[in-house]
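I opened this structure to check a few side chains. My notes follow the order of the look-ups.

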Amino acid sequence: MKFNWKKVTALFCTVCVLGTMAAGCGSRPADSESVKTDGTSPAEEAQQEPADSAGNGAAAPEKTPEAQEGKWHVLEPEIAAIVDADFSGTVWKMGEDSFYIAEEQVMLDEDGGIISSSPSGNADIPDSDLVEVVFDENTYFYLRTVHGNGESHEDTDAGFSDLAKGVSVEMKGSFEQDIFHADEIRIVKVS
C-alpha cells in the first residue's frame, strides 16, 4: 500500500489551522483593563506621558505588529523575505472587483525553514475571518507553476480571471483598514 504524503500533509495542516482557530488565533481579550506583558494596563499606558525624543535623546518606540491597528497584518519581515510575499492565503470567495482569502499561517521552524498551513477546502470559515483583497489596473498578476518538490518553477502572465475558489495566492502590498491592497498577486499552482 502506497503512503500518500499529500493527504497526510493536508490533514496535518487542517488540524493545525483548526487548533489555531480554537485557540482564538492568539488574540488578546478586548477587556480594557487587561494587563500587558510589561505589567501595565492599557488605561495606565494611556496616562503615561510620551517621551520627548528631541529633549532626552530617546527614540520613539517602533510599532510592532501587535501595536498596529486592525485585525490583519503582513508577514514578519524575515518570513516575507524568504517567501517573497507580504501576505498569502487561499481564495475563498470572489467579488466583482475584489476577492476574499482565508489566511495561510506561515512561520519559521527551529531550523529556519518555512512551515505553512491553509484551511481545508471543506472548512466553514465565517466572512469575518476572510481577508478582502483589492487591486487596481497597476496590480501585476502572474501564475507560478512549481514543479516537483519546489526544485523549479515557471512564471507566466495571468489576470483576475485566473483566480477561482481554492487557488493559492502570495501577494505583495499592504493593509489599510483590514483590506489588503495588492501591488502584485502571484497565483501558485503545484504540478
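**A helix residue**

I started with Ala80, which sits in helix α4 (residues 77–83). Helices here are DSSP runs of H or I with at least four residues, strands are E runs of at least two, and both are numbered from the N terminus. The model is predicted, so I noted its limits: local features need pLDDT of at least 70, side-chain atom pairs count only at pLDDT 80 or more, and totals for chains, interfaces and linings use all residues. Residues are numbered from 1 along each chain as its sequence is written, and side-chain values use heavy atoms, with hydrogens and water left out.

Is Ala80 buried or exposed? I found Ala80 buried, at a relative accessible area of 12%. The cut-offs are under 20% for buried, over 50% for exposed and partly exposed in between, with a 1.4 Å probe and protein chains only.

Next I looked up contacts, meaning heavy atoms within 4.5 Å. With neighbours within four places in sequence set aside, Ala80 touches Leu75, Ala85 and Asp86. I also took a C-alpha distance: Ala80 to Val106 is 9.3 Å, across 26 residues of chain.

**Aromatic rings**

I then searched the whole structure for aromatic pairs and got 8. Rings of Phe, Tyr and Trp (its six-membered ring) pair if their centres lie within 6.5 Å; planes under 30 degrees apart are stacked, over 60 edge-to-face, and the rest tilted.

One of the pairs is Phe99 with Phe135, tilted, at 6.5 Å between centres and 40° between planes. Phe99 belongs to strand β2 (residues 98–103) and Phe135 to the loop between β5 (130–134) and β6 (140–147), so the pair ties together parts 36 residues apart in sequence. Phe99 is buried at 0% relative accessibility. Phe135 is partly exposed at 24%.

Phe160 comes out partly exposed, at 23%.

Which residues do ring pairs link into a cluster? I noted Phe99, Phe135, Phe141 and Phe160.

**Charges over rings**

Last, I looked for NZ of Lys or CZ of Arg within 6 Å of a ring centre and within 35 degrees of the ring normal. Lys93 has its charged end over the ring of Tyr100, 5.2 Å from the centre. Lys165 lies over the face of Trp92, 4.3 Å from the ring centre.
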